[in-house]
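Keep the viewer open as you read.

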Amino acid sequence: MTTTPIPSPPALPLLGHVGTGAIDPTKPSVSFRLLREKYGRIYKLNIVGQMLVPCSSQRIVNELCDESRFHKQVHNGPLDQVRNGAGDALFTAYDGEENWGIAHRILMPAFGPSQILGMFSDMLDINSQLLLKWQRFGPDVAFDPTEDFTRLAFDTIALCVMGYRFNSFYYQDMPPFIGAMSRFLIESGIRFQRPKFIQSWMTNTNMRYEADIKLMVDVCDQVVAQRKSHPIQGKKDLLSLMLEGKDSKTGRGLSDENIRYQLITFLIAGHETTSGLLSYTLYHVLSNPSAYAKLQEEIDTVLGTDTITVQHVAKLEYTAAVLRESLRLNPPAGAMAICSRKDTEILGGEYEVHKNWNLLIDIYGLHRDPEVWGDDVEVFRPERMLKDKFDALPPNSWKPFGNGARGCIGRPFAWQESLMMLATLFQRFDIRFDDPSYQLQIKQTLTTKPMGFKIHAIPRQGARSIAGAGLPTAAVPIATNGHAAALANGVPASKGTPLHVFFGSNSGSCEGFGQQLVSDAPTYGFSATLAALDSLEDATKIPRDGPVVIITASYEGQPPDNAVHFVQSITNMSPDSRPMDGLKFAVFGAGNHDWARTYQRIPKLVDARLEELGAERLVSLGEGDAGGADLFDFFDVWEKNLWPALGHAFNTSAPTAGTSGDVEDDLVVTITGITRTTRLRQPDLDQGRCIENRVLTAPGEPEKRHIEFSLPQAMEYRPGDYLTILPLNPPESVARVLRHFKLLGDTQVAIKSKVATTLPTDEPITLHALFSEYVELGQPMTRRVLDDVMHYAPKDGPEREALDRTVSDAKIEIFEKRTSVLDLLERHPCLEVPLGQFIKLLPSMRIRQYSISSSPLWKSNHCTLTMSVIRGPSLSGGHGDFVGVASNYLASLNPGDAVALAVRPSAVKFHLPTDIAKPIPIVMFCAGSGFAPMRGFIQDRAEQLAAGREVGKTLLFMGCRDPEKDFLYADSDLARWMESGAVDIRPAFSRHSDLSEGCKYIQDRLWKDREDIRALYKQDARFYTCGMSPMANGVRQKCIEIIAEARKCDLATSEECFQKMAIERYSTDVFG
């Protein structure tokens, strides 16, 4: 029979894949994912001579689950090392080992249906301890739910099956057993990949390992000793069965040593996976507002305000589906080792495997097999797990609990515990992210859990007081510091009418607008607070003691990360009861006209929906276009109309013209001499490092660079994602400010502010650090800022006349020339703006996003940027060139420099098609640095091709000026990838169209090669565009014309067809 070789990465002699980087021992689950994406759903690894074959195809896994052909493998794998502490217990026993059969027959009755139901009150006891802790701490405390779910599961397994209380919730630190167990599991997993001769040299590691095993043994001996000295009459829990039970087949009981091993196993397995399941579930539900709403609706319907009972559990169908879907996406135990019973087996009719090989069921990959789950495998969709659909799944396609006789004996225990916890949690609390921008990061031992995940638990109004075994029914006082104090970003500014400003913002612009309102509020008689929309505990409880101003963005029609729950909540409300009656509000929206179909969708929805729900609109919806140059001016004009409307509605005093001293009074800057303190202001940013920084273009051409970064350990990305950078202002810009104010950069200042500010208040900082790190020096002026600056102009004289001439033609001389405050002060030195007022006029430093131009299949912990460096003559005619802040900061980096960065996901559609049975072609259109995400896509497919995988055709339409000067990567990566068949390139050279088949621009080449486009469209190709708006619009128009030609219809009809196609198959990332 002809067989197919199993693909495998390059290996080393003797060591195999150890030390090659194929497997990162600290995060093997990530390594397996990247290897699966690169080599396919079956591949082979050599771990110091031991063969490991991960499999993730349901078709192959279904064979591996046939216990007549294959059995669980413990030998020569991580579980063989776990036997050092768990011996021949149920989880780690070898196939056919006698003690496994004895223990299995004795202990199975402890997990029968009636026994599990009998544990309900004990489960509720521990469940209530967690709820009580969260309620007493109140909504302002950020919890690590993984920690408390670990306490929950650990105490629950101990009480329910051993009658022992560890009382984890009564101590600040975790029980020592948990720390020892975690270190033991991590080291066991690493030992599996470590050569024995190296292991023998690691004296300190070995001593720590033995000490951790001894601690776990001592704890279990303590549990047994207490039961023997204090027997519980008539109780047949797991521990009593271990001590007294006899095997029906052999008549033998369990030895003291085996009892110890079983207790260690149950304490590990009984809490480790359950805490992971609950933590992942909380993350996925918070990330998906529609699932959150449906879950809470079912819990409110089934439980109401009643204490949960056994009868409630079976009715929680959607809750069960949520848990199943969470286990699909993030099974805490991500793999099972299997071994052939025969010397040789053929898998899938083509792959030959042998008896001594470890065949690894990659559960994480199995649960993403698109032949089972479709092309939305990465989407959290509990509906696919509702009873009928779940029952109809192909066999062995969902395997979080193991397989067959060696499957998890405690599955019904964990399931009841998890259902109870999820139900009671959402019955009593509204849950919110502490950091709405948090992206899932994984911590791994032998199992996985979320890392760095924190939430706020906000007690729901009217929820029944928490009750459990031995708990009083009286209400428990809740700690609070006022109106979501820890969630709000601002503080009351001064005495006055309350003004509540809420923002939804990913990039920081809308938050900055909110900060501007808070700063201005005291002048108009208001006392303002600033908070994210999702900080609202209950949307219907939005404050009504003053006006509410909402400033939110719209990202391709979706709400910002910190506004998703608010938007979902008002969308689901019924207008019949007028739940927003009494609210007076105003909305300003930021959108981008390049996404015409969804432009301002979220601001318009919020504005219209609040009125439908009974609220009163004070001013018309304000709209700002982030795709143009006038976003800040749009806001200033809207704000100017806002204050009179607020003052009229709430009878506050109108602003009065003040002196320059009045304006300066709310921001006081004094010289100090104290050492400066720097801080990082974006919660999800971490420290990366520059590895390489090189120029891609020829001298004299607009500069484009290739920059490589090493990422922090837990940071992951996909091709198409963004890298967020927090830059520094260009040194020349900082020098200009210091020169203007005649100050030294190392002068230290202390800033005090009467209103909330993003500046480092009440902490000393040097002027150089302040102007480098905290403010935007190059921000173009707006009309409002110009008005403020004019307070400091001389009243008359020739200098005033020159200034008036400039201001009288401000549209051309200031705004169209993108003049900054600093530009104007340098052009007109007569403007004597004080230092404090100058700082107050500047917006805070913003993060910038760049498309990642690499694939993690190349290097999992590295990424690259391909970006343009913006530098050129200043339109304002000021001192020197205009210097782009972030691009010049990046261009200045040297290898080894630290960088504040984070990965942010792009739109769901702007990723490569999911791996499915039929390879899908992709067609890409780009020009200049718009090539960045396309390079990542091509590199991803090139890595897969090099690993022997079949991929769809990759067609790239790429525009540049000159093939010799700015055809990025032409002689390096692109040449290599073209040769390997990873990409077919169709260039357009605007200065040498004779070298690109007469095509000057991308849209010209697209039209010329339209037959190739049509052919790939018929093969279900996906289309991607990245670049400046004119290029993107030109490509879009040519696509419409191609459709019109093929269908013989007019352009209007063709455009309708294009828009329908674009929903699923056309993705854009447009800038400028």
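This is a predicted model: local features need pLDDT of at least 70, side-chain atom pairs count only at pLDDT 80 or more; totals for chains, interfaces and linings use all residues.

Helix H21 covers residues 564–572 and helix H22 covers residues 601–612, and their axes come within 10 Å and cross at roughly 40°. To find the contact in your viewer, select Phe 566, Val 567, Ile 570 and Thr 571 on H21, then Ile 602, Leu 605, Val 606, Arg 609 and Leu 610 on H22. Sorted by class, the contact of H21 with H22 holds seven nonpolar residues, one polar and one charged.

Now move to another pair, helix H15 (residues 317–329) and helix H19 (residues 411–428). These two pack at an angle of about 115°, and their axes are 10 Å apart. Angles of 65 to 115 degrees count as roughly perpendicular, so that is the label for H15 and H19. The crossing in which H15 passes H19 is right-handed. On the H15 side the contact is made by Thr 319, Ala 320, Val 322, Leu 323, Arg 324 and Leu 327, while H19 brings Trp 415, Ser 418, Leu 419 and Leu 422. By class, seven nonpolar, two polar and one charged residues make up the contact of H15 with H19.

Stay with H19 for a moment, as this helix also takes part in the lining of a cavity. How many cavities of 30 Å³ or more does the count give? There are two. The second largest cavity has a volume of about 40 Å³. Lining this second largest cavity are Met 123, Asn 127, Leu 152, Thr 156, Glu 417, Met 420 and Met 421. Helix H6 (120–137), helix H7 (145–162) and H19 are the elements that each give two or more residues to that lining. Which of them gives the most? That is H19, with three residues. In terms of class, the lining of the second largest cavity divides into four nonpolar, two polar and one charged.

The last stop is helix H12 (residues 256–287) with helix H13 (residues 289–302), which pack at an angle of about 110° with axes 5 Å apart. That angle makes H12 roughly perpendicular to H13. Val 285, Leu 286 and Ser 287 of H12 make the contact with Pro 289, Tyr 292 and Leu 295 of H13. Here the contact of H12 with H13 has five nonpolar residues, one polar and no charged.

Terms used:
Residues are numbered from 1 along each chain as its sequence is written. Side-chain values use heavy atoms; hydrogens and water are left out. Axes are lines fitted to C-alpha atoms, for helices over the stretch in contact, and angles run from 0 to 180 degrees between N-to-C directions. Helices (H or I, at least four residues) and strands (E, at least two) are DSSP runs, numbered from the N terminus. Angles under 35 degrees count as roughly parallel, over 145 as roughly antiparallel, 65 to 115 as roughly perpendicular and the rest as oblique. A crossing is left-handed if the near helix is turned anticlockwise from the far one by less than a right angle, and right-handed if clockwise. Contact means heavy atoms within 4.5 Å. Ala, Val, Leu, Ile, Met, Phe, Trp, Tyr, Cys and Pro count as nonpolar, Asp, Glu, Lys and Arg as charged, and the others, Gly among them, as polar. On a 1 Å grid over the protein atoms alone, a cavity is a set of points where a 1.4 Å probe fits but cannot get out, and a pocket is an open set with protein on both sides within 12 Å along at least five of seven lines; lining residues have an atom within 4 Å of a point. Grid points are joined across faces, edges and corners, and a volume is the space filled by probe spheres set on the points.
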